[in-house]
Amino acid sequence: MNGQWYDADAGPLVRPYAMTGGRTKPGPHGVRFDLIALVVVDPEGTDAAAESLLGPEHRALLGLCRSETQSVAELAADADLPVGVVRVLLGDLLEGGHVKVSRPVPPAQLPDERILREVIEGLRAL
């Protein structure tokens with residue numbers, strides 16, 4: 001064994017459980033982060049001092065969310081982290097007031113296409 005903790009091609013290896021402190025569920029509130037849940041940085045919750053205490057993975061997720069609203073799936077892909085790890089880290093960020101999470105409108109709650117067509121036809125008739 002050569003004593004190195006990294007693969008030259010992959011870079012340093014950090015196990016997912018090390019990033020989450022061994023946790024597998026986000027926060028004590030048991031928040032669920034769907035893959036399509038949208039995450040945005042909370043402008044009122046961004047405190048540079050508090051942010052400096054966060055781990056590098058937390059800061060990386062915040063950086064990705066600063067540029068634009070992102071889904072949990074996009075964050076996992078862009079950060080090159082497993083979705084489970086991203087969910088736990090987002091739970092930390094949510095509890096710390098760094099981010100806001102919203103869910104897109106479920107398809108079942110969207111208006112029926114027939115109703116939308118009738119509205120459009122009614123507007124055209126005006």
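Is Asp-80 buried or exposed? Select Asp-80 in the loop between α4 (72-79) and α5 (83-95), where helices (H or I, at least four residues) and strands (E, at least two) are DSSP runs numbered from the N terminus. Asp-80 counts as exposed because its relative accessibility is 69%, the cut-offs being over 50% for exposed, under 20% for buried and partly exposed in between, with a 1.4 Å probe and protein chains only. Its phi is near 55°, a positive value in a residue other than glycine.

This is a predicted model, in which local features need pLDDT of at least 70 and side-chain atom pairs count only at pLDDT 80 or more, while totals for chains, interfaces and linings use all residues. Residues are numbered from 1 along each chain as its sequence is written, and side-chain values use heavy atoms, with hydrogens and water left out.

Now colour the whole chain by secondary structure: the protein chain has six helices and five strands, which follow the pattern β-β-α-β-α-α-β-α-α-β-α along the sequence. Of its 126 residues, 25% count as buried.

Next, select Ser-71, which is found in strand β4 (residues 70-71) and counts as buried, at 10% relative accessibility. Leaving aside neighbours within four places in sequence, Ser-71 is in contact (heavy atoms within 4.5 Å) with Leu-35, Ile-36, Ala-37 and Leu-38.

Finally, go to Leu-126, in the segment after α6 (113-125), which is exposed with a relative accessible area of 85%.
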